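User: Hi! I've just opened this one up and I'm a bit lost. Could you walk me through it?

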Amino acid sequence: MRLGFILREAVKGLRQNVVMVVSVVLVTFVSLTFVGAAALLQLQINQMKGYWYDRMEVAVYLCDDTSASTNCAGKEVTEQQRSDIKTLLESEQLKPYIKEIAYESKDQAYMNFLDQYKNSSLVDQVKPDQLPESFRVALVDPEKYQVINEALSTVPGVESVVDQRELLEKVFQLVRVASGAAAIVAAVMIVCAVLLTGTTIQLSAMHRRLETTIMRLVGASKATIQLPFIIEGVIASLIGGVLATGTLWMLMKFLVQDKLASENVGVAFISTDEVWLIAPALLILGIVLATISSVVTLKRYLKV
């Protein structure tokens, strides 16, 4: 009987404050959506790192007649220098660090460029002789790039040694900025949700002040009086959490999986499975915030 009474009182409060409850739902929905987006972006960063870092190569670019490096002196790499560089890469000194070596000529570099940027206007601006030839070196341990750099950076015929992970890290940095921005917006929206939940509970308590006074006089317990108000906030936050989860799932399904993943088959994107992974945390966060906000408000405005 007591449980049924508490639930009826909670439903009554929701009906009496429809506008404010809808506001709580919307603010909670937006805040938890940003929290979930920040979490998913971080999961995407981790997945891309795990997928790409082991596949990243060290590119040893060779000199051409436009190179400004002191190793080149404005001259194209000679056949002897190219042979010496390959011999050094295959030497016993570097063998423990290198998993695979592949030579890429200017024509091959141009064909790879056309394939990678086929939908870009850059293809009309770049000529085959503008792209340098190179050795592509796959490392046993990608963290050992510096060993290759120190061994080859001063060798005649080598224009530069580039760790492709550095290029990838720039992309990751942009994603981190987006993730951080989403987290900041989420924090602001969470504060708004907490304040709005407290305001809703305060208004509900004021509207039912006569009822709570009578309940106190007839000996109702503190929990019996306060629980309906707390349940109101929790229900509103749960609805917001469910809407946030649904929105994140649709974004992952239709934007990431159906569009981005299909158009970029070489990129390891996360899936909708990760949404279900973070969904319980979002719902729990919404419940905790609503409960804390309700309890604090009731202590201040509802003296039992």
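User: Which strands does helix α3 lie across?
Analyst: Helix α3 (residues 79–89) lies across β1 (57–62), β2, β3 and β4, and runs at about 5° to β3. Helices (H or I, at least four residues) and strands (E, at least two) are DSSP runs, numbered from the N terminus. Angles run from 0 to 180 degrees between N-to-C directions, with axes as lines fitted to C-alpha atoms, for helices over the stretch in contact. Contact means heavy atoms within 4.5 Å. This is a predicted model, where local features need pLDDT of at least 70 and side-chain atom pairs count only at pLDDT 80 or more, while totals for chains, interfaces and linings use all residues. Residues are numbered from 1 along each chain as its sequence is written, and side-chain values use heavy atoms, with hydrogens and water left out.

User: And what does helix α5 lie across?
Analyst: Helix α5 (residues 145–152) lies across β1, β2, β3 and β4, running at about 175° to β4.

User: What order do the strands come in within the sheet?
Analyst: The order is β2-β3-β1-β4, in an open sheet of 4 strands with antiparallel pairing. β2 (98–104) and β4 (158–163) are the edge strands, each pairing on one side only. From one strand to the next, the twist averages 20°. Two strands pair if DSSP finds at least two bridges between them.

User: How many bridges join β2 to β3?
Analyst: There are 6 bridges between β2 and strand β3 (residues 134–139), and the two run antiparallel. I98 stands opposite L139 in β3, and I101 has V137 of β3 as its bridge partner. On the β1 side, β1 and β3 pair in the antiparallel sense over 5 bridges, with V60 standing opposite F135 in β3.

User: Is β3 mostly covered or uncovered?
Analyst: Mostly covered: 6 of its 6 residues are buried. Buried means under 20% relative accessible area, exposed over 50%, and partly exposed in between (1.4 Å probe, protein chains only). Both faces of β3 are covered, with S134, R136 and A138 buried on one side and F135, V137 and L139 buried on the other.

User: Which residues touch the most other members of the largest nonpolar core?
Analyst: I85, L89 and L152 do, out of 20 residues in the largest nonpolar core. A nonpolar core is a set of buried Ala, Val, Leu, Ile, Met, Phe, Trp, Tyr and Cys residues joined through side-chain atoms within 4.5 Å. At least two residues of this core come from each of β1, α3, β3, α5 and β4, and α5 gives the largest share, 4 residues.

User: What is L89 in contact with, leaving aside its neighbours within four places in sequence?
Analyst: Leaving those neighbours aside, L89 is in contact with L94, I98, I101, F135, V137 and L152.

User: Switching topic: how many cavities are there of 30 Å³ or more?
Analyst: A search of the whole structure finds 3. On a 1 Å grid over the protein atoms alone, a cavity is a set of points where a 1.4 Å probe fits but cannot get out, and a pocket is an open set with protein on both sides within 12 Å along at least five of seven lines; lining residues have an atom within 4 Å of a point. Grid points are joined across faces, edges and corners, and a volume is the space filled by probe spheres set on the points. The largest cavity has a volume of about 50 Å³. Its lining includes T28, S237 and G286, and α2, α6 (164–207) and α9 (273–301) each supply at least two lining residues.

User: What about the second largest pocket, what is its volume?
Analyst: About 270 Å³. α2 (18–52) and α8 (222–263) each supply at least two residues of its lining, and T33 is among the lining residues.

User: Is T33 buried or exposed?
Analyst: T33 counts as buried because its relative accessible area is 14%. T33 lies in helix α2, and leaving aside its neighbours within four places in sequence, T33 is in contact with A244, T247 and L248.

User: Last one: how many helices and strands does the chain have?
Analyst: The secondary structure comes to 9 helices and 4 strands, and along the sequence the pattern is α-α-β-α-β-α-β-α-β-α-α-α-α. Of the 304 residues in the chain, 40% are buried.
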